[in-house]
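Keep your viewer open as you read.

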Amino acid sequence: MLTRERIYNINRELSLLEFNKRVLEEAKDSSNKLFERLKFLSIVSSNMDEFFMIRVSSIIDKVLDDFVFQDSSGLTPKELYKEITIKAHEIAQDQQKLYLGELSTLLKQNNIYILKINELNANQLKFVQKYYKNIIYPVLTPMAVDNSRPFPFIQNRTLNIFVLIRANTSYLVKNKKQNLKKEEVFAIIQVPGVLDRLIPLPSDKDKYCYVLLEDIIIQHLSDLFNNQEIAYSSLFRITRDADLTIDEQIAEDILEEIEKSLKRRRYGEIVRLEISKDCPEVLENFLKENFELDEEDIYKIDGPLDYTFLMKFVNQENNAFKHLKDKPLPPVKPVDFIVPDKRSIFDLIKEKDLLIHVPFESFEKIIEFVRTAATDPDVLAIKMTLYRFTKNSPIVRALEEAADNGKQVTVVIELKARFDEENNIIWAKKLEKAGCHVVYGLAHLKVHAKAILVVRREEGTIRRYVHLGTGNYNENTARQYTDISMFTSNVYFGTDVSNLFNTLTGLSQPSHWYKIGVSPINLREKLIRLIRREATYKSNGYIIAKMNALVDDEIIEELYSASSKGVKIDLIVRGICCLRPGIKGISENIRVISIVGRFLEHSRIFYFKNDSNEEIYLSSADWMPRNLDRRIETIFPVESELLKGRIKRWLNIMLKDNTKARELREDGTYIRVKGNLHNKIDSQILLYEDILQSAELKNKEIKAIKSMEFVPIQNFDDEVAI
C-alpha cells in the first residue's frame with residue numbers, strides 16, 4: 001500500500017452531479033437532433049429527482065444528527081450539503097435557460113408551439129373550455145386549508161397549484177342574506193397525473209400547437225372555486241426522501257416488510273421544494289414554513305416545473321417529427337447466431353461460447369433461450385435471477401409456462417430493486433401461483449447477479465447451459481442500455497452457477513469456484529489480486545476497466561498503487577468516479593473517460609494485459625462498496641480467443657471516442673475529448689457499424705457456402721480499422 005500523505009478522492013455526490021452536467025451538455029449540444037436534446041433535458045430532471053430522493057436525503061440526516069466526520073473527499077456532511085445545493089441550483093438554472101431560450105426557439109422553427117392561454121385563438125380557446133369541462137374538471141379535487149381542514153398530504157413528485165382565495169363564506173350559513181366578511185383561504189389542487197401534461201390543440205395544417213395541462217386548470221380556477229376571488233396562484237412540486245429502510249434483522253417475512261416499507265416511503269421527509277419563479281411571497285412563505293424548509297431547499301423555476309413530461313412527447317409516433325429524432329439503429333441478429341443451418345439454441349451453445357452485445361445485437365436470443373427451455377421435453381430445470389424486468393416480461397411468461405410443463409423452475413427475485421419493488425412483488429406472487437420456487441433474495445444482501453441455468457438431459461447424461469451477463473433481463477432496457485452477455489456449456493461454468501443458485505436458495509457454501517467470482521464471497525479479493533498482479537509488470541502492465549461507477553476506496557487505492565509503479569490504466573466510467581486522475585507520482589498513468597451518448601453505457605468489462613497472456617472479464621458489479629460487500633454479484637472470464645478479440649476491439653473503439661467522450665480532470669470536472677474534425681469517432685455508432693459489418697460478412701460467407709461458390713473473405717472478427 002502507498003506510503004504518502006492522504007489524497008482526497010472526489011466526492012461521490014459531487015461526481016454524480018458532474019454526470020448530470022454531462023447529460024445536460026448533450027441537451028445543449030447543437031449537433032444533436034432537437035428531440036434528442038429534449039430527451040436529455042428530461043433525463044436530467046428524472047436523474048435529479050432520484051438524486052434528491054436517495055442521496056440528498058441521507059446527507060440531510062447526517063447534517064441534522066450533527067455528524068462532523070470527513071469523508072474520503074475531505075468534506076463534512078454540512079460542507080457537502082452546501083456544495084450540493086450550489087451545484088443543484090446551477091443545474092436547475094441551466095435547464096431553464098436552455099428550455100426557454102434555444103430549445104423553445106427551435107421548436108417554433110419546426111412549427112411546434114407550446115402556447116400560453118393568452119396566445120390561443122378563438123377556436124383553441126373553445127377547445128380548451130370543452131376539454132376542461134369534459135375531461136379535466138371531473139378529475140380535480142380542490143382542497144381548502146383552514147382551521148377545520150388541515151394542510152393536505154402532498155404526494156412525492158406531483159405537480160400542484162397553490163391558491164390564495166378571498167372567500168365569501170356566506171354560503172356556509174343557512175341565512176344566505178347574512179353578509180360575512182371575506183376571508184383569505186389557502187387551497188391546493190393536484191394537477192392530475194393520470195392525464196397527459198401536454199395537450200394537443202386544433203391547429204393549422206403543418207402546425208403543431210400544445211398547451212400545458214396546468215395552464216388550463218389555472219385559467220379555470222375561478223370556475224373551480226365558484227367565482228370566488230383568486231388573489232394569487234402558483235405551481236409547486238415537492239421531492240421526498242424515498243430511500244427504503246428495511247429492518248431485515250427483525251423481519252419475519254421479507255415480502256410483507258417491503259410492502260409495509262413501500263407505504264412508508266410515501267410519507268418521507270420533504271427535501272426539495274420547486275415553485276414557480278413568480279410565486280407570491282405569501283404563498284412561498286406558507287409552503288416554506290409548512291414543509292419546514294430552509295431557503296437553499298427552495299428552487300424557483302422560470303417556465304414549466306419538471307421537464308420529465310418531454311420524454312412522452314418526444315417518444316410519440318408521429319412521422320411529421322421523424323427528422324427531429326436520431327435515425328433508428330435496429331438491432332442486428334447476434335453474429336454468433338448467424339449459422340448456415342437451423343440448429344437449436346442448445347446445439348449452438350454446445351459447440352462454442354457465444355456473445356450478445358445489446359442494444360447493437362438483438363436481445364431476442366436470450367428470450368428464445370428461456371422459451372425453448374420452457375417447452376423442450378429434455379429440459380429438467382431452469383434457474384434464474386431477476387432484478388429489473390418489465391410488467392409484461394416474455395421471459396417471466398416463459399418461466400410460468402415452464403412450470404406448467406412440469407419443469408423444476410427456481411426464480412430468485414430481488415424484491416429490494418429500488419423503485420421496482422412493487423412490480424417485483426406482483427410477479428413474485430404470480431410465479432409462485434404458477435408453481436415456481438420463488439426466493440426473495442437474501443437478508444442484508446441484494447441479488448444483483450444476472451444468471452440463467454438450464455439443466456438438460458442429453459444422451460443419458462446431464463448437461464448444464466449457462467447465461468451470464470452485465471445487464472438485466474429486461475427487453476426494454478436492452479434497447480437502450482449497452483450490455484454484454486455470454487452463453488456457455490462449459491462444465492466448470494455449469495458447476496459454478498449451480499453452486500451460486502444453491503448458495504442463494506439453500507445453505508450451500510462451496511469450497512471452490514472454478515471460473516466465476518461472487519461477491520461478497522471473493523469478488524473484491526479477485527479484483528485486488530488481478531490489479532496487484534498487473535502492478536508487478538510495472539510499465540509493461542496495462543488495465544482497461546469499464547463500468548458505471550468507481551467509488552470503492554480500497555479498489556481506488558490499489559489503482560493508485562499500480563499507477564505509481566508505472567502501470568497504464570484506462571478507465572471508462574459512465575457515471576460516478578471518485579478516483580482523482582493526474583496526480584503526479586500517484587495517478588498520472590490513469591486516464592478516465594465518460595461516454596454519454598444515445599445509449600446508456602451499462603456493461604462492465606475488465607481487461608488485464610497480464611504479460612501478454614491477456615485476460616478479459618465481464619461482470620454485473622460496479623466497483624462500489626455496495627456491489628462488492630452488500631450484493632450478490634458475479635464476475636466471469638471470457639476464455640474464447642475469438643470472443644476476447646472482439647471485446648478488445650470494442651474497448652479500443654470506446655477509448656478512441658472523440659465525440660461523446662469527456663475526460664476527467666484532476667479537479668473533478670470533465671472536458672470533452674478533442675478529436676480530429678476529419679475523423680470524428682462516436683463509439684456507439686461505430687460499434688453498431690462494426691457489428692453490422694460483421695453480420696453482413698458472415699451472411700455473405702454463408703451465402704457463398706450455400707451456392708457452392710465459396711471464396712475466402714475477410715474474417716468477420718478481424719480488427720476493423722478506426
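## A buried serine and its surroundings

Ser 683 is buried, its relative accessible area being 0% (buried is under 20% relative accessible area, exposed over 50% and partly exposed in between, with a 1.4 Å probe and protein chains only). This is a predicted model, in which local features need pLDDT of at least 70, side-chain atom pairs count only at pLDDT 80 or more, and totals for chains, interfaces and linings use all residues. Residues are numbered from 1 along each chain as its sequence is written, and side-chain values use heavy atoms, leaving out hydrogens and water.

Ser 683 belongs to helix H19 (residues 683-706); helices (H or I, at least four residues) and strands (E, at least two) are DSSP runs numbered from the N terminus. Leaving aside residues up to four places away in sequence, Ser 683 touches Ile 595, Ile 653, Met 654 and Asp 657, where contact means heavy atoms within 4.5 Å.

Gly 597 sits in the loop between strand E21 (590-595) and strand E22 (600-601). Gly 597 is also buried, at 8% relative accessible area.

## Backbone details

Most residues other than glycine have a negative phi, and most peptide bonds are trans.

| Residue | Phi | Relative accessible area |
|---|---|---|
| Asn 111 | near 65° | 32%, partly exposed |
| Arg 157 | near 60° | 38%, partly exposed |

The peptide bond from Val 358 to Pro 359 is cis, with omega near 0°. Ser 519 and Pro 520 are likewise joined by a cis peptide bond, with omega about 0°.
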